[in-house]
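Student: Could you walk me through this structure? I'd like to start with the order of its elements.
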Amino acid sequence: MPTDTDLPTIEALKSQATWAFRGHLLHQAKTGRKWAKRGEHTFGRFIQRCAQGLGVHETVVWRDLAAYTYFIETLAPKLRAAGIASGDIEEISKAVSPEHFVILDRIERVAPPADFLKLASQVVTGAVPRATLRVYWDSLKPALEGKAARGSNEKPRAKGVVVEEMVRAPLTTADPLWTGIAKPFAFAA
């Protein structure tokens, strides 16, 4: 049960309709160590209390925070450096779920930078459905060879089957004109 000291944060979280603003409040609580001022011994316990107060599973609260932090600290600066407008997180959050950014974070570890920037700009505009993003992530996942990124300084590289899939995917979804024949009798990839 939330304590009285948790109520201002939980009430502020409840009053927000978008995951981005909830992520913003959680990010402020984490970076400003507001959770310690609320009587919690760990940030994880603070998240648990927020989840209880909101009536959602704890993973939902963690995902909102992770998506917000990834966008603000990593993705938006990279997009701006590449000359791509990243947009306002509050507006983006109305069309794009936090799961988009969690998956995009995973993809960034493996995808070639140019492909990643193109995909990220499409995600920010809401042009990429989650299902498509998941399929793309599944095609790149073998490059990690079962290793998690935590604690690793090594950047995995797409190779073998992953590279084949990166080549095959655009060709199989493209119009058959890339073959050089305007109206082929049959076309299969």
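Tutor: From the N terminus on, the elements of the protein chain run α-α-α-α-α-α-α-α-α-α, which comes to 10 helices and zero strands, where helices (H or I, at least four residues) and strands (E, at least two) are DSSP runs numbered from the N terminus. This is a predicted model, in which local features need pLDDT of at least 70 and side-chain atom pairs count only at pLDDT 80 or more, while totals for chains, interfaces and linings use all residues. Residues are numbered from 1 along each chain as its sequence is written, and side-chain values use heavy atoms, with hydrogens and water left out.

Student: How many residues does the largest nonpolar core have?
Tutor: The largest nonpolar core has 29 residues, a nonpolar core being a set of buried Ala, Val, Leu, Ile, Met, Phe, Trp, Tyr and Cys residues joined through side-chain atoms within 4.5 Å, and buried meaning under 20% relative accessible area, as against over 50% for exposed and in between for partly exposed (1.4 Å probe, protein chains only).

Student: Which helix gives the largest share of this core?
Tutor: Helix 5 does, with seven residues.

Student: Switching topic, at what angle do helix 7 and helix 8 pack?
Tutor: They pack at about 175 degrees, with their axes 11 Å apart; axes are lines fitted to C-alpha atoms, for helices over the stretch in contact (heavy atoms within 4.5 Å), and angles run from 0 to 180 degrees between N-to-C directions. Helix 7 and helix 8 are therefore roughly antiparallel, a label for angles over 145 degrees, with under 35 roughly parallel, 65 to 115 roughly perpendicular and the rest oblique.
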